[in-house]
Amino acid sequence: MVEGVKKQCNTKPRDKVRVSITHPYLNFGIHVPFDDDEAVTGKRMLNKVEKVAQSNTQLRIHDGDTQLEITHISMPEGEGRTNRHYGSNEGVSNMTKLKQSIVQIQNAQDSM
């Protein structure tokens, strides 16, 4: 079920996904915290439900009162641009060889 809902949301592997289950007999919801899309699975969700169901005998997951909520955050894609101007990506020494307008000032103390 979780995989089907994630597919409807068109999630990508780098996207962040959070799954929450609420039920009237639960004091607090069951949550799988934000994680990568591929890490949030139905098995992981069932493990969380099993832990709660063992301690709450009134919880019936298939009684029609259970609500599932998926929060999906699309992560931006791209690597950004690196500063390749004047060869700065290869280090300062290479940049100083290529750049023509570098001025070097040496402060010398005069002795009196």
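Visitor: What pattern does the protein chain follow, read along the sequence?
Guide: The pattern is α-β-β-α-β-α. The chain has three helices and three strands. Helices (H or I, at least four residues) and strands (E, at least two) are DSSP runs, numbered from the N terminus. This is a predicted model, where local features need pLDDT of at least 70, side-chain atom pairs count only at pLDDT 80 or more, and totals for chains, interfaces and linings use all residues. Residues are numbered from 1 along each chain as its sequence is written, and side-chain values use heavy atoms, leaving out hydrogens and water.

Visitor: Why is Asp37 called buried?
Guide: Buried means under 20% relative accessible area, exposed over 50%, partly exposed in between (1.4 Å probe, protein chains only). Asp37 has 10%, so Asp37 is buried. Asp37 lies in the loop between S2 and H2. Across the protein chain, buried residues make up 19% of the 112 residues.

Visitor: What makes the link between the side chains of Asp37 and Thr11 a polar contact?
Guide: A polar contact is a pair of N or O atoms within 3.5 Å; within protein, one must be able to donate a hydrogen and the other to accept it, and residues adjacent in sequence count only if both atoms are side-chain atoms. The Asp37 and Thr11 side chains make such a contact at 2.8 Å.

Visitor: Which residues make up the largest nonpolar core?
Guide: There are twelve: Val2, Val17, Val19, Ile21, Leu26, Ile30, Val32, Val40, Met45, Val49, Leu59 and Ile70. Strand S1 (16-22), strand S2 (30-36) and H2 each supply at least two. S1 gives the largest share, three residues. A nonpolar core is a set of buried Ala, Val, Leu, Ile, Met, Phe, Trp, Tyr and Cys residues joined through side-chain atoms within 4.5 Å.

Visitor: Which residues is Val40 in contact with, leaving aside its neighbours within four places in sequence?
Guide: Contact means heavy atoms within 4.5 Å. On that basis Val40 is in contact with Val2, Glu3, Lys6, Val17, Val19, Val32 and Asp35.

Visitor: How many residues of each class are in the lining of the largest pocket?
Guide: Ten are nonpolar, four polar and none charged. Ala, Val, Leu, Ile, Met, Phe, Trp, Tyr, Cys and Pro count as nonpolar, Asp, Glu, Lys and Arg as charged, and the others, Gly among them, as polar.
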